[in-house]
Amino acid sequence: MDVTVNGLTRNFGRHTALDAVDLEFGGGMIGLLGPNGAGKTTLMRLLTGVLRPSAGRVTVGGHDLGDRAGRAAVKRMLGYLPQHLDPYPDLSAREFLDYVGLLKGIDDGRARRARAEELLERVGLADSAKRRLGGFSGGMKRRMGIAQALMGDPRLLVVDEPTVGLDPEERMRFRSLLAGLGGRRTVVLSTHILDDVAQTCSRAAVLVAGRIVYDGSVPGLTAFAEDRTYHVDTGGPQPVGDLSVTNAASTGDGMRYRVVTDAPPAGAVPVAATLEDGYAALMRDARVTPEESV
Amino acid sequence: MTRIAAVGAVVRYEARMAARARAVWIGMVPVALLGLVIALAPLTGQESARLNAGVMAEGLALLVPVGVAVVLADRLRRGGATGMDELLDTAPLNGTVRVTGVLGGALAVALVPVLALVAVLGAVIAVRTGDAMALGWSALAFLLVVLPACAWTAALASLLGLVLPVTLARFLVIPLWFWAISWNYALLWAPTPVGTVLVPSGEYPAQAWFGTTPAWAGRGQIDWLSPAPDGAVTGLVNLACVLLGTALMVGCARLIMMRRR
């Protein structure tokens, strides 16, 4: 499923949430990264047709989201998990999936119920199928969220911050579930959690202040910090200078800081870069030259 | 899936959710009991079963719609804060159709105690008039007099619930209802649909099909909007106006829900 975004702009009053974004991607998983307020959720809503653009165009599988027929076609092949989703508390898990299946146009009751059972099994909620959603934990609701997104076997799956609020075990389960989905679908994953992207996506795009500042492979993003990542041991105080601290750990008699910098302080030891370091390096570069796209 | 089947699916699940919401029953059962008191008194049995059914429906239409409005004022708002509206907007089903289904399903459940009440009152009329057709007339009176009024107030309250805090919407809808159906503009002037074909009180249909004597119909402030109640034509015109008003409020609600994103 090819998705093409051309000159996509969205204004909210005087605020420009997305500014002439161009992006193209096909099958597999793409991670959408960026700081708070960068425009990730706005881009997700535009990709799903929930919002209309102020300017620009989105096509999904050749269907233009700018016209009614295009939106209708895309909605038939779309699965979406919004950032905040609190499913109807008065329905059971099974009923909720059946309802979503009906709204997605799955007319065959037997097929709908079979798909709901399969998805409940897949997200580990088969034992809770009859329980009302109002009694579910945050993690269980998130899993219901992904299950409903998969009703109708969508070819494009858009998931916004799916692992927020999950405990580590649930997050791992979620990641393996997501990774298994990317094969024959296009999955767009928006997240703050770099580890989720490192573990599941082959490609990443980074938004800063409504503009794409990186669009490429995940290793390519990590490479931004290559030869710029160091460990700095101090007696306690954070090293000063033109650097970004990506981690800090106590060593017993002092502190070890992990920094990304072009001017390493005295005693800094070069180390292999991670995706987190690459993201920090990119943010440093974006702050220095915010108007340039990488 | 056809549009009708899709609305049916939404109505089914929304009704299920409303049926499980205690607030709906806590609100509607006392309203139905109060409706029993109001509607029972005038049923003397001295006139025909048809007229008694019309009088009974007019009595219920005073109170039941406002109870429905208070109970259902939150139905369209609840999906906004939980992300459900955003999610369901990505489904192929048209948004206005969905909103109609949401209100339709919840309204169906809210009216269950009222339907039971209508059956009881229909039986009372049947006994007092000795006419078994009273049950049928009562059901018809419910459909033509009470139901359109309830749909109108449900749409109004849901619309208010989108633009105001729900508690305020619940309070505000009460004076609005009585302004719309019984404001005495001769005592204190204010623009009101009372006496016109826009009025949702059911007076015109009650006169048209059940032979009741209207209190206000035909005496509105604007002559051309206030034809003398004269049978099926004015009854149908009034029903069409009430349903159109309901549809307009549902459409406005949908627009507000879309613009909020």
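Is Glu161(A) buried or exposed, judged by other C-beta atoms within 10 Å? Glu161(A) is buried, with 20 other C-beta atoms within that distance. The views below show this residue and several others in their surroundings.

The model is predicted: local features need pLDDT of at least 70, side-chain atom pairs count only at pLDDT 80 or more, and totals for chains, interfaces and linings use all residues. Residues are numbered from 1 along each chain as its sequence is written, while chains are lettered from A and ligands numbered from 1 in the order in which they are written.

**View 1. Two loop residues of chain A with positive phi.**
Glu161(A) sits in the loop between strand 7 and helix 6 (168-181) of chain A. Its phi is near 50°, a positive value in a residue other than glycine. Asp153(A) also has phi near 50°, positive in a residue other than glycine. Asp153(A) belongs to the loop between helix 5 (138-150) and strand 7 (156-160) of chain A. Asp153(A) counts as partly exposed because it has 14 C-beta neighbours inside 10 Å. Buried here means 20 or more other C-beta atoms within 10 Å of the residue's own, exposed means 12 or fewer, and partly exposed lies in between; C-beta atoms are placed from the backbone. Helices (H or I, at least four residues) and strands (E, at least two) are DSSP runs, numbered from the N terminus.

The domain assignment gives domain 1 (3-218) and domain 2 (223-288) of chain A. Such bounds come from an automatic or database domain assignment. The C-alpha centres of domain 1 and domain 2 of chain A are 34 Å apart. Nine residues of domain 1 and five residues of domain 2 of chain A make up the contact. Two residues are in contact if their C-beta atoms, placed from the backbone, lie within 7 Å. On the domain 1 side, helix 7 (194-200), strand 9 (203-208) and strand 10 (211-217) of chain A give two or more residues. Helix 7 of chain A gives the most to that side, with three residues. By class, the domain 1 side has nine nonpolar, no polar and no charged residues. Ala, Val, Leu, Ile, Met, Phe, Trp, Tyr, Cys and Pro count as nonpolar, Asp, Glu, Lys and Arg as charged, and the others, Gly among them, as polar.

**View 2. The open four-stranded sheet of chain A.**
The strand order is 12-13-11-14 in chain A, with antiparallel pairing. Strands pair if DSSP finds at least two bridges between them. Strand 12 and strand 14 (269-270) of chain A are the edges, each pairing on one side only. Strand 12 (residues 243-250) and strand 13 (residues 255-261) of chain A run antiparallel and are joined by seven bridges. Within this pair, Ala248(A) stands opposite Tyr257(A). Four residues lie between the strands of this hairpin, where Gly252(A) takes a positive phi near 95°. Two bridges join strand 11 (residues 229-234) to strand 14 of chain A. Here His231(A) faces Val269(A), standing opposite it.

**View 3. The interface of chain A with chain B.**
Contacts link 23 residues of chain A with 18 residues of chain B. Helix 2 (68-75), strand 6 (78-81) and helix 3 (93-103) of chain A each supply at least two residues of the chain A side. Helix 3 of chain A gives the most, with three residues. The chain A side divides into 13 nonpolar, four polar and six charged residues.

**View 4. Arg98(B) and its surroundings.**
Arg98(B) lies in helix 6 (residues 95-110) of chain B. Arg98(B) is buried because 23 other C-beta atoms lie within 10 Å. Leaving aside neighbours within four places in sequence, Arg98(B) is in contact with Val10(B), Leu88(B) and Leu93(B).

**View 5. Helix 7 of chain B.**
Helix 7 (residues 112-129) of chain B has 18 residues. Its buried residues include Leu117(B), Leu121(B) and Ile125(B). Among the elements covering the buried residues are helix 2 (22-40), helix 3 (49-72) and helix 8 (134-163) of chain B. Just after helix 7 of chain B, Gly130(B) takes a positive phi of about 70°.

Note on methods:
Expected span 1.5 Å × (residues − 1).
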